[in-house]
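Subject: Structure for you to look at

Hello,

Here is the structure I said I would pass on. Please open it beside this message and follow along; my notes come after it.

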Amino acid sequence: MSTHLFKYILITAIIVLSHITPKAENGHFTIIPVKNPEYHGNELFRAYDSYYNPRIKQLRERYGLDQVVAGETDEWRRILRLRHWIKSKIRIENDHPTPTRGDAFAILDAALQGGGFHCAHFSIVQEAVLNSYGYVARRLGCGPGTIEKGGHHGVNEVWVNSFGKWVLIDAKYDVHFEKDHLPLSALEIRDEVWKDGGKSVLPCFGLNGEHDTDQYSGDYGPTAETYRWCSWENTTNRFTSFPAAGNSVLFMLDDEFFRQNVWHRDGKPHWAYNTPYLITTTRRDWIEWTPNVIHSTVEIKDNCASASLSSFTPNFRNYQMSRPDGSWADCGEQLTLPLEKGKNQFSFRTENLFGVAGPVHRIEIAWEMNE
């Protein structure tokens, strides 16, 4: 074959190939930044009440709790119904609570017979009730912390998936706190109190969020000032591990407020100072870790995206991916996602064994033309 003929055939082949194969340099796929719930791993609160523990089913059946939330599909409204039920069943008795062991069953059985209890008992019951429905709840102790006002109050926080955040929830007074209509965590209330006394924080009572505090006048419980100081119990599986749970270590946030002030309780520094039962951390995100929230890594190769999903989901069942019709289907943690030119949108969530779904995590990938 002559040199001229070889060049002619080669040039012809290149021209034909260029017509049947799009040039890769004409465009590329790129990952579009999406505002997803932030993922913070669980470094402190490792235990949780297990779905498989028989006490979970027994609690729901013994007190007819399924009827309390029957017909309600909104997660936050279900939590409020359960809180309201606890308030309606337990009589407040601060000074002389009914003697009983510190267990949700014993407290509720005594309460239904007319027994009265203080805040710690309410928080024990509420943690058990919320955890029995697959909501991640924990106990904490709070107080104004001054020598003049050294009272102490036991409450709970619950992770609300629909808000993508922790919310302080108080069964004794059937109350939570809001700012600009958003329910607040304990640390968010604490921030507001240290800033200006909590002027912009509103207590919201009952199922409908009433702001009337007259019924609690003279009691420190339902005021934002109570949350100037906060400590979290590390034992978050107290209900299903009872009575082996034992004493809890307390976690406190070591920030500027903590270092420059002293938490007073009953006229003297908090008992946990300088004891093995106090652990401080400078990591706010370790206290406000994010149950059920997905973290993803994505790599693009050719016309596909490789996605890897991870989360810390108590009682984890599976990951789910949104279908085009809006329903959800189980999926693995490693996925290969085919891409089309244009905008590609994928939505994922976790689901635990109770059927509670985590916040939605989105991945967006778009085709962009090269300049």
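Strand 5 and strand 6 (residues 165-169) are paired in the antiparallel sense over five bridges. Two strands count as paired if DSSP finds at least two bridges between them, and strands (E, at least two residues) and helices (H or I, at least four) are DSSP runs, numbered from the N terminus. The model is a predicted one: local features need pLDDT of at least 70 and side-chain atom pairs count only at pLDDT 80 or more, while totals for chains, interfaces and linings use all residues. Residues are numbered from 1 along each chain as its sequence is written, and side-chain values use heavy atoms, with hydrogens and water left out.

Val160 has Lys165 in strand 6 as its bridge partner. The hairpin of strand 5 and strand 6 has four residues between the strands, and Gly164 there takes a positive phi near 65 degrees. Strand 4 also runs antiparallel to strand 5, and six bridges join them. In that pairing Cys142 stands opposite His153 in strand 5.

Why is strand 5 described as largely enclosed by the rest of the structure? Eight of its eight residues are buried, so the rest of the structure largely encloses it. Buried means under 20% relative accessible area, exposed means over 50%, and partly exposed lies in between (1.4 Å probe, protein chains only). Both faces of strand 5 are covered, with His153, Val155, Glu157 and Trp159 buried on one side and Gly154, Asn156, Val158 and Val160 buried on the other.

**Salt bridges**

Side chains of opposite charge can pair when their charged atoms come close. A salt bridge here is a side-chain nitrogen of Lys or Arg within 4 Å of a carboxyl oxygen of Asp or Glu. The whole structure has 25 of them.

One of these joins Arg138 to Glu157, with the closest N and O atoms 2.8 Å apart. This pair links distant parts of the chain, since Arg138 is in strand 4 (residues 137-143) and Glu157 in strand 5 (residues 153-160), 19 residues apart. Arg138 and Glu157 are both buried.

Another salt bridge is formed by Arg284 and Asp191, whose closest N and O atoms are 2.9 Å apart. It too links distant parts of the chain: Arg284 lies in helix 10 (residues 284-287) and Asp191 in helix 7 (residues 186-196), 93 residues apart. Arg284 is partly exposed, at 28% relative accessibility, and Asp191 is partly exposed at 26%.

Arg55, Arg101 and Asp103 are linked in a network of salt bridges.

Asp254 also touches Thr281. Contact means heavy atoms within 4.5 Å. Thr281 is in strand 14 (residues 278-281) and is buried, at 8% relative accessibility. Leaving out residues up to four places away in sequence, Thr281 touches Leu44, Met252, Leu253, Asp254, Trp286 and Ile287.

**Helices**

Helix 4 (residues 75-89) packs against helix 6 (residues 119-131) at an angle of about 145 degrees, with the axes 10 Å apart. Axes are lines fitted to C-alpha atoms, for helices over the stretch in contact, and angles run from 0 to 180 degrees between N-to-C directions. Where they meet, Ile79, Leu82, Arg83, Ile86 and Lys87 come from helix 4, and Phe122, Val125, Gln126, Val129 and Leu130 from helix 6.

In helix 7, the buried residues include Ala186, Leu187, Ile189 and Trp194.

An open sheet of five strands has the order 1-21-20-17-18, with antiparallel pairing. Strand 1 (27-32) and strand 18 stand at the edges with a single partner strand each, so one side of each has no neighbour in the sheet. From one strand to the next, the twist averages 30 degrees. Strand 17 (residues 316-322) pairs with strand 18 in the antiparallel sense over four bridges, and Ser322 stands opposite Trp328 in strand 18.

Glu333 sits in the loop between strand 18 (328-331) and strand 19 (334-338).

Regards
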